[in-house]
Amino acid sequence: MAITLHSLITVAAELLGAVLSAEQGADHTLSRYFQDHPRFGSRDRRILADAVYGCLRRLRSLGYILGQPEHPNWRLTKFEAQTRLAAWILNEGNEKREEINAILGAEINLLPANIAISRPPAVAADLPDWLYDALTLELGTTEVQTLAAALVLPALLDLRVNTLRTNRGEVIRQLQEAGIEATPTPLSPVGLRLPARTSLMESELYRQGLVEIQDEGSQLIGQLLAPRRHEIVVDFCAGAGGKTLHLGALMANTGTLHAFDPVPRRLDQLRSRIERAGITTVRSARIDNLAAPPILALRGKVDRVLVDAPCTGTGTLRRSPDIKWRHHNLTRLTTEQKQILATAATLVRPGGRLVYATCSLLRAENEAIVEDFLASHPDFVLIPPDTSLARLNIPPDLLSKEAQALRLYPHRHATDGFYAALLARHR
């Protein structure tokens, strides 16, 4: 029996509350919910996910429209939550508009008249005040509004072609045969861009390890580090291994690639992914602290180190809009980033290189961290990123001349937001 839209709106309201109160991300909360409630088919799961993510993207402006001018109150009544969801759908021009009007009655008819009301800049940008203020200082009021408009749109789907097993042209051909139009990414030489709703997890291309889902900006981080064949390389904060896999392909499955992470679950995911990708050179290790034996054993021996540091994740708001509404202890994060970078640098041999990267838009997590590091590490120097990326014909606006680093923004480059600085240790 089909689940009515009225029931789905009620469920979406409950899910929204669960996401906003959970410690883990929205994707994990929704995935767990759908596993626990198998009665929802693919159509219902899509409607629920769209509703929740749509509200998360525009939660602050919707709250203002509904008479909550300050930071939204997460402990909503069911009707208030339903009204929020309906307001989002009305804004999006959903084909179910008439049905939703009928479900929620006359109250919903008040919403369209309020949508055009004047809103404070941070509310109109659907950003918390602290983030809006920080980005305005860095980019200026006009560009922040342009950035904010990009951040409320869903990201397209980017793939990285596994060059150990195939090439970009062959993957394009196979996708076309499956009725999927893919275009080469303009910056990454091994990337493809697909429509946002494309699902490839069950495809043979994915099962056989021919492609990995990876944002184009993330692909450029590996290109910046530019590991060579037969080198010793460390991915210091490997996570589930997206960048590790790319480094392994760039090294042509030679040398030794160490992948460190403190979370066993992520390392388990990495091991299954490297097996699917056909990479045999990865040695993964759990790092409980910055004095762990695998770190000490590699001091001064590593050719290249990637530090993809834990951060606020503000560059990924197109994919994870719930990040906007979470509390971020920036002081704790930047302290951790400084410690991780200083420790990772001890692994680099004289003449070796290190990339410090984040998916944050904030200077405090990016330029400020590198400046602090260089002030206390005179044996390291910044290397202009175009030395590694020149072969890729990277547009000049990606390369921050002031910071001598790679800077990517969703509104400028259609990627997630990234910062990456290339450092070299003196011989």
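Asn253 lies in the loop between helix H14 (242–250) and strand E6 (256–261), where helices (H or I, at least four residues) and strands (E, at least two) are DSSP runs numbered from the N terminus. The structure is a predicted model, in which local features need pLDDT of at least 70, side-chain atom pairs count only at pLDDT 80 or more, and totals for chains, interfaces and linings use all residues. Residues are numbered from 1 along each chain as its sequence is written, and side-chain values use heavy atoms, with hydrogens and water left out.

Phi of Asn253 is near 60°, a positive value in a residue other than glycine. With a relative accessible area of 22%, Asn253 is partly exposed; buried means under 20% relative accessible area, exposed over 50%, and partly exposed in between (1.4 Å probe, protein chains only). A positive phi, near 70°, is also found in His230, again a residue other than glycine. His230 is placed in the loop between helix H13 (216–225) and strand E5 (232–235), and it counts as exposed because its relative accessibility is 63%.

Over the whole chain, the secondary structure comprises 20 helices and 13 strands. Of the 427 residues, 53% count as buried. The accessible surface of the chain is about 19,000 Å², and 52% of this area belongs to carbon and sulfur atoms; such areas come from the Shrake-Rupley method with a 1.4 Å probe, and for residues only the protein chains shown count as cover. Among contacts (heavy atoms within 4.5 Å) in the chain with a separation of 6 or more, 73% are accounted for by residues 24 or more positions apart.

Two packed helices are described by the angle between their axes and the distance between the axes. The axes are lines fitted to C-alpha atoms, for helices over the stretch in contact, and angles run from 0 to 180 degrees between N-to-C directions.

Ala26, Asp27, Leu30 and Phe34 of H2 make the contact with Arg45, Leu48, Ala49, Val52, Tyr53 and Leu56 of H3. By class, this contact has eight nonpolar, no polar and two charged residues.

For helices H17 (residues 330–345) and H18 (residues 367–376), the packing angle is about 45° and the axes are 10 Å apart; the two helices are therefore oblique to each other. Thr334, Gln337, Lys338, Leu341, Ala342 and Ala345 in H17 meet Ile369, Asp372 and Phe373 in H18. The contact of H17 with H18 has five nonpolar, two polar and two charged residues.

Note on methods
Nonpolar A, V, L, I, M, F, W, Y, C, P; charged D, E, K, R; others polar. Parallel < 35°, antiparallel > 145°, perpendicular 65-115°, else oblique.
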